[in-house]
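Please keep the picture in view while I talk.

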Amino acid sequence: MALTLYVDTARWRAHHKHVQEQFPGLVPVCKGNGYGFGHERLAEEATRLGSDVLAVGTTYEAARIKDFFGGDLLVLTPYRRGEEPVPLPDRVVRSVSSIDGVYGLVGARVVIEVMSSMKRHGISEQDLPQLHAAIENVRLEGFAIHLPLDRTDGSDAVEEVIGWMDRLRAARLPLHTMFVSHLKADELARLQQQFPQTRFRARIGTRLWLGDHEATEYRGAVLDVTRVAKGERFGYRQQKAASDGFLVVVAGGTSHGVGLEAPKALHGVMPRAKGVARAGLATVNRNLSPFVWSGKQRWFAEPPHMQVSILFVPSDATEPKVGDELVAHLRHTTTQFDRILDR
């Protein structure tokens, strides 16, 4: 009995091909938990796509994935002097976001990140005069810019990239390749048309692996079902059942990421109101689970355990049976499955 990730493989891969066609020179991203699929599986899919480069988050991820992917590996986290050395092959390319970082990677293959409106990391316009000397002792693979997802000020992503292209060109720095993130297909095409001598390569993870929501589905298997009467005590904390119903033990607990949620940016009155309502219910131990039964998302009977969750299903609903599977609305990037099944 397991928490299973089901994949409609043909549909999933058709989506990959569609994204690849939209973004020529696509660089797939495989970081964190592999977007819910795992590093080994995404390395296999990147190879199937014919990718020559796979982007990973850290040097530790590069060390793990190097045995599953034969092309170049681009580490997205910038190099910092004093970081723990990790043995890596020459096909690993390091991101750098400072002049000091460039000087610290003599002989290495590097991609230099420029500071975008994200303001996360990157070299500044004031750093450009020093770059000529700094890049003499590295193998420059190109520049990169990581753009924000939302532009609430109405600014144009393409114009931001063009601004940096003009600055780099004015500084007489090599512009054979520019790696970009969070651009639309038409925006990438505009840039490629305006700068035909530069190869623009989109680094894409979420849109590539998770863009077709109907291609994947998590399901947790029912392990036990116990009937309870109103007022009867149960669970670790011996709470009382609010009404007659069933305690349903389902595969999927905190070790899988069930009950964990990344903070969300809320826009608009209704999402904020729902957030306040959820917080209010949580104060009285009412937390909605990600598991669905008989068309409804069911409540946790108590906080999820390490490998299972206990749900409360009221007596007016169909009684689940051991072996049934409940669809689970889980975030791929925070979920660890027991098994993955292609269908």
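At what angle do helix α6 and helix α7 pack, and how far apart are their axes? Before I answer, please note that this is a predicted model, in which local features need pLDDT of at least 70 and side-chain atom pairs count only at pLDDT 80 or more, while totals for chains, interfaces and linings use all residues. Residues are numbered from 1 along each chain as its sequence is written, and side-chain values use heavy atoms, with hydrogens and water left out.

Now to the answer: α6, residues 157-170, and α7, residues 185-194, pack at about 30 degrees, and their axes are 10 Å apart. Helices here are DSSP runs of H or I with at least four residues, strands are runs of E with at least two, and both are numbered from the N terminus. An axis is a line fitted to C-alpha atoms, for helices over the stretch in contact, and angles run from 0 to 180 degrees between N-to-C directions. The two helices are therefore roughly parallel, a label used for angles under 35 degrees, whereas over 145 is roughly antiparallel, 65 to 115 roughly perpendicular and the rest oblique. On the α6 side the contact (heavy atoms within 4.5 Å) is made by Ala157, Val158, Glu159, Val161 and Ile162, and on the α7 side by Glu187, Arg190, Leu191 and Gln194.

Let us turn to a second pair. Helix α1 (residues 9-22) packs against helix α2 (residues 39-48) at about 60 degrees, with the axes 11 Å apart, and that makes α1 oblique to α2. Here Thr9, Trp12, Arg13 and His16 of α1 meet Arg41, Leu42, Glu44, Glu45 and Arg48 of α2.

Finally, the domains. The domain assignment, which is automatic or from a database, gives domain 1 as 6-208 and domain 2 as 214-340. Their C-alpha centres lie 38 Å apart, and the contact takes eleven residues from domain 1 and 16 residues from domain 2. For residues 8-153, the end C-alpha atoms lie 39 Å apart, and the span is 29% helix and 20% strand.
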